[in-house]
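Reader: Please take me through the model below, with the cut-offs behind each term.

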Amino acid sequence: RETTMSVADDSGQSPDGQLAIGIQLVQQSYTRRVDDLMREVEHWKRVSQHHKQQEQQTQEQLQKANQRAAELQRQLGEKQQECTVLTESRNVALSQITTLKKHAAQLQNFKKNISNMLQAEVGMDGPLSGANLQGMIDSLPMDTTFSSTLPSPAIESYGRTAPAANNSYLNDSYAPPAAAAP
């Protein structure tokens, strides 16, 4: 206590004056501390507000990204379905091409057989032997029809014109030589 008294004695103030100064210093110190804390609170409020804005922007971006992802998923599903349909159509077309090639080969063989038969039977009494012609016709496959659900311009135009005009094997310039007179 003596040190405190000596300070009080040196300043020339009474103990009540010193107490008032002490209280004033404490109040100033607390006021500064409150101001510092208020500035810190304001700083953290700004930081919090900034983070909230960033969070809101991120949420909006996430929502847009999710919507875009859903749209892309939908488009992908449509494209996959379209690809499946196109693949099925392609497979049907390839099957039809294979069948048409088979039929074309059969028709070519038929033409060749008729031509060979005509050349072989030039010396016979009749232009063609009915039994030979019937045998060739019987050897052809029974199911020579071709059906499809896909439209074909060639097949559709075939029905509009006379078949004999379209078939080159019927229009060949081959004419059997006249049979020798007896």
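Reader: What is the accessible surface of the protein, and what share belongs to carbon and sulfur atoms?
Author: This is a predicted model in which local features need pLDDT of at least 70, side-chain atom pairs count only at pLDDT 80 or more, and totals for chains, interfaces and linings use all residues. Residues are numbered from 1 along each chain as its sequence is written, and side-chain values use heavy atoms, without hydrogens and water. By the Shrake-Rupley method with a 1.4 Å probe, only the protein chains shown counting as cover for residues, the accessible surface comes to about 15,400 Å², and the carbon and sulfur share is 57%.

Reader: Which residues of helix 2 are buried?
Author: Buried means under 20% relative accessible area (1.4 Å probe, protein chains only). Across the protein, buried residues make up 5% of the 182 residues. In helix 2 they are Gln 96, His 103, Phe 110, Met 117 and Leu 118.

Reader: How far apart are the end C-alpha atoms of helix 2?
Author: Helices are DSSP runs (H or I, at least four residues), numbered from the N terminus. The expected span is 1.5 Å times one less than the number of residues, so the 106 residues of helix 2 (residues 15–120) should span 158 Å. The model agrees with this, the end C-alpha atoms being apart by 152 Å.

Reader: Where is confidence lowest?
Author: The predictor's confidence in each residue is pLDDT, from 0 to 100, and its mean over the protein is 76. Helix 2 has the highest mean, 95. The lowest mean, 42, belongs to helix 5 (residues 163–166).

Technical notes: Helices (H or I, at least four residues) and strands (E, at least two) are DSSP runs, numbered from the N terminus. Buried means under 20% relative accessible area, exposed over 50%, partly exposed in between (1.4 Å probe, protein chains only).
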